[in-house]
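Subject: Structure handover

Hello,

Here is the structure I said I would pass on. My notes on it follow below.

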There are 2 protein chains.
Amino acid sequence: MHVLCLDLEGVLIPEVWVAVADRTGIDDLRVTTQEIPDYRELMQHRLAAISRHDLTLSLVEDVIAGLAPLAGARAFLDAARERYQVAILSDTFYEFAMPFMAQLGYPTLLCHRLEVDGEGRITGYRLRQDDPKRSAVKAFHGMNYQVVAAGDSYNDLPMLEEADAGIWFRAPDHITREHRQYPSVASYDRLLEQIDTACRQFRR
Amino acid sequence: MHVLCLDLEGVLIPEVWVAVADRTGIDDLRVTTQEIPDYRELMQHRLAAISRHDLTLSLVEDVIAGLAPLAGARAFLDAARERYQVAILSDTFYEFAMPFMAQLGYPTLLCHRLEVDGEGRITGYRLRQDDPKRSAVKAFHGMNYQVVAAGDSYNDLPMLEEADAGIWFRAPDHITREHRQYPSVASYDRLLEQIDTACRQFRR
């Protein structure tokens, strides 16, 4: 049995911060890990915008309540979970992600936590650990699993590098061009095929 | 967010080997980790019985097809997965366990694999790693999670010892008496209460 590590935003659900930007008009929240590779720098940029605009967790939760997983994500995930042990490795926060987990049938999610003050303002965040996606793949390797990883962005690269097989899913051209060693697919059917192919090769 | 590690057989589903003993009349398959603490010794005992009686995987699968999770297990697990990241740590085999996982909504399961020959006879097994339950808790600790573990038998003891909080669930008296440091509960409601209490104490 193999472990499949999946990114969350852009792979199974929409980009939450982009949706918040759409709702609030705060364009500074529109950038993602696809534009700013350094996650701490990206979060500093977001927290500064949040502070400038007095954004509360409850407003973000309200945006999230109107969102659903990407079309076809649940069916893909259900099929994957019949065949593999799945762990979602994300740089999002449990406070944002759990409503999506309910819609996705509560797959295992390893991510981070927000810090929220008494007035419900988002004041910071606690990264669970440094290099979290790579570390999680290492942890599964430590349990003697072979790992396939799929993601769409710079922060997925450590996970793809550490895994026994890596796959780009709907990643932008500039990222797939920079890292051509990983196959790149854009549909869930093709993603599942690539995962199955990788796992068959492990067995040989 | 905390990780909840749960044993499988006796905690969420019935003892598979005991069910096989009931169906086949092979009394040697009636012993479990509650009687033989050494798992390799127990599996040697089972494999010898399997060999003597020419037991096939398909017969075991047939027995399993007639089994369901324990009454209340799914509701408990659903409630737990809303609050915690859940990993089932079991010394069973994927070949036996996956039909139950379908009935339990595909929680993450970390267990072992059987070896089956060309005629479908169970000839051996591959332990994923030594001391698997303790190692899995260590892996979650390595990812900076605090861990609550619940089990019913000797092979759960390493998981309870390594976890930040351990709970006996429907464990026999001789085991809870030997290891009184862990609270012992017999209903899913009480189990969830104990888990919640443990996690609240972590936060202090």
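Leaving aside residues up to four places away in sequence, which residues does A:Lys133 touch? They are A:Asp7, A:Leu89, A:Ser90, A:Asp91, A:Asn155, A:Asp156 and A:Met159. Please keep in mind that this is a predicted model.

A:Lys133 sits in helix H6 of chain A, which covers residues 132-142. Its relative accessibility is 2%, so A:Lys133 counts as buried. One of the residues it touches is A:Asp7, and the side chains of A:Lys133 and A:Asp7 make a polar contact at 2.9 Å.

Next, the two chains. Chain A can be superposed on chain B by a rotation of 180° with 0.0 Å of shift along the axis, and the RMSD is 0.0 Å. The two copies are thus related as by a two-fold rotation axis. In chain A, the C-alpha nearest this axis belongs to A:Ala139, at 2.7 Å. Of the interface residues of chain A, 100% are also interface residues in chain B, so the copies meet through the same surface.

Helix H6 of chain B (residues 132-142) has these buried residues: B:Pro132, B:Lys133, B:Arg134, B:Ala136, B:Val137, B:Ala139 and B:Phe140. What covers them? Part of the cover comes from the other chain, namely H6 of chain A. From chain B itself, the cover includes strands S1 (3-6), S2 (85-93), S3 (108-116) and S5 (147-151), together with helix H7 (157-162). Just after H6(B), B:Asn144 takes a positive phi of about 65°.

A:Gly105 also has contacts in both chains. This glycine lies in the loop between H5 and strand S3 (108-116) of chain A. With a relative accessible area of 17%, under the 20% limit for a buried residue, A:Gly105 is buried. Not counting residues up to four places away in sequence, A:Gly105 touches A:Arg74 and A:Arg81 in chain A, and B:Arg81 and B:Gly105 in chain B. A:Gly105 and A:Arg74 are 31 residues apart in sequence, and their C-alpha atoms are 8.1 Å apart in space.

Two helix pairs are worth a look.

- H3 (residues 57-65) and H5 (residues 94-103) of chain A: the axes come within 10 Å and cross at roughly 25°. Angles under 35 degrees count as roughly parallel, and H3(A) and H5(A) are therefore roughly parallel to each other. Their crossing is right-handed. On the H3(A) side the contact is made by A:Leu57, A:Val60 and A:Ile64, and on the H5(A) side by A:Glu95, A:Phe96, A:Pro99 and A:Phe100.
- H1 (residues 16-24) and H3 (residues 57-65) of chain B: the axes come within 10 Å and cross at roughly 100°. That makes H1(B) roughly perpendicular to H3(B). H1(B) contributes B:Val16, B:Ala19, B:Val20, B:Arg23 and B:Thr24 to the contact, and H3(B) contributes B:Leu59, B:Val60, B:Asp62, B:Val63 and B:Ile64.

Last, some backbone angles. Most residues other than glycine have a negative phi. A:Asp54 is not a glycine, yet its phi is positive, about 55°. A:Asp54 is placed in the loop between helix H2 (39-52) and H3 of chain A. In chain B, B:Tyr106 has a positive phi near 50° and is likewise a residue other than glycine. B:Tyr106 is found in the loop between helix H5 (94-103) and S3 of chain B.

Regards

Terms used: Residues are numbered from 1 along each chain as its sequence is written. Chains are lettered from A and ligands numbered from 1 in the order in which they are written. This is a predicted model: local features need pLDDT of at least 70, side-chain atom pairs count only at pLDDT 80 or more; totals for chains, interfaces and linings use all residues. Side-chain values use heavy atoms; hydrogens and water are left out. Copies are superposed by least squares on the C-alpha atoms of residues with pLDDT of at least 70 in both. Contact means heavy atoms within 4.5 Å. Helices (H or I, at least four residues) and strands (E, at least two) are DSSP runs, numbered from the N terminus. Buried means under 20% relative accessible area, exposed over 50%, partly exposed in between (1.4 Å probe, protein chains only). A polar contact is a pair of N or O atoms within 3.5 Å; within protein, one must be able to donate a hydrogen and the other to accept it, and residues adjacent in sequence count only if both atoms are side-chain atoms. Axes are lines fitted to C-alpha atoms, for helices over the stretch in contact, and angles run from 0 to 180 degrees between N-to-C directions. Angles under 35 degrees count as roughly parallel, over 145 as roughly antiparallel, 65 to 115 as roughly perpendicular and the rest as oblique. A crossing is left-handed if the near helix is turned anticlockwise from the far one by less than a right angle, and right-handed if clockwise.
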